Amino acid sequence: MKKFFLMAVIFGLGVRTIAFAQPGTDAVNTAVSNLKSLLTDHIIEKAYLHFDRPYPYYVAGEIVYFKAYVTLGEKHEASTLSNILHVDLIDKNDVLMQSIVLQLTGGTAWGDFLLPDSLQKGSYRIRAYTQWMRNDKTPYFYDQYISVSSANGGQLAENTTQGLKPNLQFFPEGGSLVADVPARLAYKALGTNGLGVNVKGIVVDNDHKEVAKINSPHLGMGMFEFIPETGKTYKAMVTFADGSQGSVDLPVAQPKGITLAVNTDDPAKIAIVIRANRAYYKENQNRKLNLLVYYSGALKRYSPVLDGEILGLDLPAKDFPTGILKFTLLSETGEQLNERISFIQNPDLLNLALTPNKQVYSARENVQVSLNVKNKEGNPVSGSFSVSVVDESKILVDEDAENTILSYLLLSTEVKGYIEKPNYYFANVTKETRAGLDILMLTQGYRRFDWTALENGNLPVTANAFAAEKTMDISGVFKTKSGAPIPDCVLTLIPKSGGNLQTATTDNEGKFRFLNMDFSAGTAFVLKAMSSSGKKGVLTLDKPLVPPVIVPGEPANKKYNASADLLMSFQDERKAKIAEASNLITNQVTTDTKGNSAKRLDNYHSSNIGGPGHADQVVLGDAIKDAPSISSGLNGLLHGVQFNNGVPSLQTGVTLSGGGAQIDPMLVIFDGVTLGNGVSVDIINPGSVDAVELLKGASASIYGAAGGQGVLVITTRSNIASEQVISKEMSPGIFSIEPKGFFKALEFYSPAYASQNAANKPDQRTTIYWKPDVITDAFGNSTFSFFNSDGKGTYRLEIQGMDSKGNFGMQVLRYKVQ
């Protein structure tokens with residue numbers, strides 16, 4: 001220790017300051033020029049999904065709600081490149097289950113997935129991407145695993161990808177150890193499940209003399225300092241958390257070399273030190289070096305002269321935005337010597353101020369929240385945000401493990417491998433979290449590009465084989481039965497449900513395209529072909545692009561979270577209370593596509609909390625898919641139900657009061673979400689409906705007092721957007737088509753009670769409120785409100801989002817219900 005202290009003092013006295021110099025050699029200039037071309041010619045897009053709950057687990061039969069944010073470029077501005085986002089639900093065997101297409105507005109959209117109640121227990125994943133992202137060799141697809149609990153069971157594979165023993169790796173700062181130069185060596189210990197494990201031990205030299213201690217402070221990661229001596233080798237002797245022991249050889253120190261150290265302990269500055277050992281310095285004295293600092297699409301370049309064994313430079317941290325900095329040290333001829341990744345955390349994020357109207361509420365009381373958003377300069381900004389509220393009296397939120405808009409877009413997308421507890425570094429920034437984040441940078445590197453490839457002109461992208469999707473088009477080709485194109489044929493597109501007509505004309509190859517279409521998945525059209533030559537033809541619609549190959553995810557991501565079983569226990573409790581009322585239902589009738597009554601069945605898709613087979617009447621979606629609206633399609637099919645401006649009510653649901661007769665509307669349930677009484681069902685696209693269930697009397701009692709005037713349960717097709725394009729000829733020159741359209745989510749997203757007169761029964765949900773679109777005005781203000789459930793305890797409100805300039809923000813508010 002005395003030897004290291006003495007050398008540290010000498011180094012402290014001998015550090016020279018790096019100065020700016022003129023541009024360097026052609027090799028370095030070429031690398032810089034190629035980087036500019038990369039940034040100009042190929043701008044990246046990223047996607048992030050904010051889910052309706054901060055923990056990634058659900059129960060089969062639940063709905064997964066999300067809001068999508070898509071950013072453009074290194075500054076993360078709201079994307080104006082792509083207007084279409086694809087979102088996939090993938091099963092535990094990496095097979096595509098569902099796929100929806102979302103229309104982006106200002107870089108945002110929202111949607112949902114209904115998890116079939118037939119799902120087996122296990123880990124599933126949700127993937128989001130734009131077609132433009134597919135142009136990268138390493139595309140920035142969003143990827144999130146969710147654990148789904150189910151009564152259907154299922155095998156949970158054990159994750160043993162790391163082998164039979166824990167794994168320990170070492171990472172020298174800057175890339176290599178150099179003899180007789182102080183070094184920082186980071187390490188990471190992984191268990192057999194791919195997650196970090198604690199490790200303790202010592203580092204010894206080849207004379208078995210201890211030179212350093214190992215004691216991982218966070219998730220198996222840590223760092224120690226020592227001076228590797230010429231001619232010596234080193235070994236780590238460690239004990240893992242499970243009691244197993246092992247030894248790992250450290251990297252061998254280079255006899256001649258140079259190192260790059262970056263210190264961010266002081267939040268106000270970035271301290272850079274370049275050290276050359278005696279052998280390297282003698283050989284390269286007074287030669288020019290090139291230090292390149294890359295961040296957020298910008299580049300700073302320093303060209304110091306190696307006129308001492310130690311060179312130093314302090315950079316003000318405020319000059320860099322929050323995010324990753326890549327430091328690369330090149331020789332005079334462009335040889336890559338060292339590389340170091342750091343993360344800068346500055347107070348430059350959006351400030352989201354949440355003000356509730358009270359701190360303590362009663363059960364079912366209305367909660368009103370005011371939002372004010374300001375940027376780092378303290379000026380109000382307009383932005384797009386999303387809010388969720390969960391009941392922490394049921395399940396506590398592990399904020400460290402959450403993936404947020406900050407941790408995902410600024411960190412997870414920029415480093416290699418799986419990041420355990422990513423929000424640990426953002427939820428509450430302290431000296432300890434900053435140190436942990438720096439160690440993460442030392443152990444998991446940056447993937448965007450490398451300077452060597454740029455020097456050689458090997459840019460890390462493929463040709464732009466995929467254009468950015470701007471519009472939803474309907475395109476195809478019209479040919480004779482013998483395969484000859486039919487040019488100059490006028491095609492007329494007619495929505496079956498009514499609306500504006502559109503025309504297009506085939507070109508010389510018989511191709512046609514209806515541009516900038518805005519229609520929902522499941523929408524049907526009639527296409528009329530009128531050829532001036534009178535030729536009859538065959539119409540073929542273009543198929544959607546084949547989805548990207550599903551690449552297996554990180555093994556640690558696939559680990560099933562047993563907390564999902566706790567959610568399952570809530571549903572079991574609710575179902576036990578439902579069972580008694582459900583047993584009273586005896587007269588369910590199913591209506592077929594012709595409106596005729598059919599035999600009782602229970603194998604249809606249902607979001608009824610009583611499950612399929614517990615309704616008085618069921619109308620399957622095929623019976624109304626071509627109707628202009630749901631109410632018009634159901635009118636006359638549902639026995640004893642009438643509609644007034646789309647609002648359903650029982651014909652017997654009339655009450656008399658001093659003011660005369662009053663019609664009491666039915667309770668409407670959409671995909672398991674309570675929309676409330678007096679809601680028009682015509683906000684739902686009839687082409688997306690899978691089943692409509694009518695509940696009256698005893699069968700409606702499972703929804704409590706709110707179902708006293710009957711319940712209408714509407715369930716949509718979970719795979720509607722993944723169906724292939726449908727086209728069939730109805731008569732010569734007239735075709736019925738059903739192209740793939742946009743997934744249209746309801747604007748009403750709150751699972752909270754729609755009114756204080758909600759059903760008088762315990763609420764077993766953990767997510768009580770989800771609002772996907774909170775827009776602040778020019779003064780940075782917005783308000784929203786919701787009703788509590790009847791559970792007493794602590795509730796956690798979370799808001800995330802961004803402004804149009806790529807500034808992110810997140811805030812958490814907790815309140816009590818007594």
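Helices (H or I, at least four residues) and strands (E, at least two) are taken as DSSP runs and numbered from the N terminus. The structure is a predicted model, in which local features require pLDDT of at least 70 and side-chain atom pairs count only at pLDDT 80 or more, whereas totals for chains, interfaces and linings use all residues. Residues are numbered from 1 along each chain as its sequence is written, and side-chain values use heavy atoms, with hydrogens and water left out.

Confidence is expressed as pLDDT, the predictor's value for each residue on a scale from 0 to 100. The protein chain has a mean pLDDT of 84, and 85% of its residues reach 70 or more. A contact is defined by heavy atoms within 4.5 Å. Where pLDDT is low, the predicted coordinates should not be read in detail.

Nonpolar cores were defined as sets of buried Ala, Val, Leu, Ile, Met, Phe, Trp, Tyr and Cys residues joined through side-chain atoms within 4.5 Å. Burial follows relative accessible area (buried under 20%, exposed over 50%, partly exposed in between; 1.4 Å probe, protein chains only). The largest nonpolar core contains 54 residues, and those with the most contacts inside it are L49, L85, V87, I126, L411, Y425 and M441. Not counting residues up to four places away in sequence, I126 touches L49, F51, V64, V87, D88, L89, F113, Y142, D143, Q144 and I146. A second, separate core of 24 residues includes I272, Y295, L329 and I344.

At least two lining residues come from each of β20 (290-295), β23 (323-330) and α4 (405-410), with β23 giving the largest share, 3 residues. The lining comprises 6 nonpolar, 4 polar and 4 charged residues (nonpolar: Ala, Val, Leu, Ile, Met, Phe, Trp, Tyr, Cys and Pro; charged: Asp, Glu, Lys and Arg; polar: the others, Gly among them).

Individual positions were also examined. S631 lies in helix α9 (residues 630-634) and counts as buried at 10% relative accessibility. Beyond four places in sequence, S631 is in contact with F643, G646, V681 and D682. K496 is placed in the loop between β30 (489-495) and β31 (502-505) and is partly exposed, with a relative accessible area of 31%. Apart from neighbours within four places in sequence, K496 contacts A524, F525, V526, D626 and S736. The C-alpha atoms of K496 and V526 are 6.4 Å apart, at a separation of 30 residues along the chain.

Most residues other than glycine have a negative phi. D180, not a glycine, has a positive phi of about 70°; D180 is located in the loop between β11 (167-172) and β12 (183-190) and is partly exposed at 37%. N286, also not a glycine, has a positive phi of about 70°. N286 is found in the loop between α3 (278-284) and β20, and its relative accessible area of 49% makes N286 partly exposed.
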